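This short report goes through some local features of one protein model. Please look at the sequence and the structure below before reading on.

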Amino acid sequence: MIKMQVEELLTEVWGNKVQLAPNAVDLQASGRTQVYRFSLLEKPVDAPQHVIVKAMHIPEGISEVSNTDPENSFRLFFNDWAGLQFLSEIAPHPALAPRFYAGNKAHGLIVMEDLGTGNGLHHLLLADNPEAAEEAAVQYAATVGKMHAATIGKQGAFSHIRQELGPVDIPDYAWISSALWETIQILNVAPAAGIEDELKQLTSIMENPGPFSTYTHGDPCPDNILLGTSGKLFDFEFGAYRHALIEGVYARMPFPTCWCVSRLPAHVIHRMEASYRMELVKGCPAANDDRLFAQAVAAACAYWTIDDCRFLHRHLEQDWQWSPGLATARQRFLLRFDMAREAIEASEYLQAIGKTFERIAGRLHEILPPEADQMPYYPAFRSQ
């Protein structure tokens with residue numbers, strides 16, 4: 001069924017008959033979607049030899065893709081579609097994502113460029129070659145920076161594509177204040193003077209990023225990039241316009257939305273952020289201002305630290321690993337406090353939040369076992 005639907009769709013879009021090979025390669029995607037690689041037997045002269053097809057699992061009885069699914073899988077699918085189409089249309093060279101070819105809402109499928117096979121950043125971080133892992137990490141950071149720079153000021157174009165597909169979730173950052181206050185109360189620590197004003201300020205920064213407002217991947221994990229002569233990101237299910245540094249600090253935090261988390265050496269973090277910033281400034285002149293950039297880094301680190309505070313109850317009850325991850329949840333939690341406090345101290349910004357983080361971290365060290373503060377390095381860097 002999918003084969004016939006894709007043939008009809010590509011024939012219509014490309015204006016010439018398209019015939020796919022009868023057997024597709026199942027790329028084993030998430031439970032929300034199926035992903036296949038199809039070979040093209042008949043196609044226009046300039047068409048590719050292969051395409052990737054991502055198809056939704058549409059619940060029985062729903063003939064048209066809607067937004068009523070309780071898991072919001074339709075919205076995630078539309079986010080992915082909109083991100084791919086948007087990045088294809090703004091067309092940075094070299095491309096930073098798979099080229100979008102076509103989509104069909106009724107059938108719940110999109111057709112995109114086949115990136116072939118290759119290493120993700122996670123492959124190298126989990127291997128034993130520190131030089132290769134470091135260079136791959138720097139390339140990853142540059143790719144994210146290029147995407148952010150290329151999309152600054154183009155929110156209207158993205159919003160048009162996404163709203164044509166269906167309703168859009170409106171970001172809500174009200175949890176920032178409530179999550180930290182709940183943590184303060186549960187751990188019985190004294191908040192620093194001025195914390196209320198700074199939490200309002202942090203919320204406002206995330207709601208209105210100003211010159212740092214850009215299209216973000218939403219989950220730029222090491223396994224969501226394919227490395228090569230130029231890195232390409234994929235899987236934009238959580239893509240939306242946000243503060244750029246939410247992703248610009250992925251090396252520091254580290255990789256806060258990912259299963260594949262361990263510690264990075266300080267010199268690697270420094271190189272990654274320098275590479276990211278060098279690309280970002282090409283579209284975001286504000287990032288060239290040392291003070292503004294340091295403040296943006298501090299705000300993003302504070303954001304991710306408070307984000308993990310929402311899971312405080314679980315952290316206190318038991319430790320756990322995001323299978324097949326490397327670090328435990330408690331190790332990730334405590335490291336965020338360390339990295340955020342360092343960024344806040346360096347920026348001389350959000351000082352009340354920084355002092356409160358210090359008190360929270362001190363309390364956590366008292367009640368959590370010592371191994372909670374012993375996140376290992378990625379395997380690639382353990383020999384160093």
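Glu-342 lies in helix 12, which spans residues 329-347 (helices are DSSP runs of H or I with at least four residues, numbered from the N terminus). Glu-342 counts as partly exposed because its relative accessibility is 47%; buried means under 20% relative accessible area, exposed over 50%, and partly exposed in between, with a 1.4 Å probe and protein chains only.

The model is predicted, and local features need pLDDT of at least 70, side-chain atom pairs count only at pLDDT 80 or more, while totals for chains, interfaces and linings use all residues. Residues are numbered from 1 along each chain as its sequence is written, and side-chain values use heavy atoms, with hydrogens and water left out.

Glu-348 is found in the loop between helix 12 and helix 13 (351-367). Another loop, between helix 6 (175-187) and helix 7 (195-207), holds Asn-188. Neither residue is a glycine, yet each has a positive phi.

| Residue | Phi | Relative accessibility |
|---|---|---|
| Asn-188 | about 55° | 69%, exposed |
| Glu-348 | about 55° | 65%, exposed |

Most residues other than glycine have a negative phi, and most peptide bonds are trans. The peptide bond from Met-253 to Pro-254 is cis, with omega near -25°. Pro-254 sits in the loop between helix 8 and helix 9. A cis bond also runs from His-93 to Pro-94, with omega near 0°.

Is Ser-262 buried or exposed? Ser-262 is buried, because its relative accessible area is 0%. Its contacts (heavy atoms within 4.5 Å) include Pro-254, Leu-326 and Tyr-377, not counting residues up to four places away in sequence.

Terms used: Helix = DSSP H or I, 4+ residues; strand = E, 2+ residues; numbered from the N terminus.
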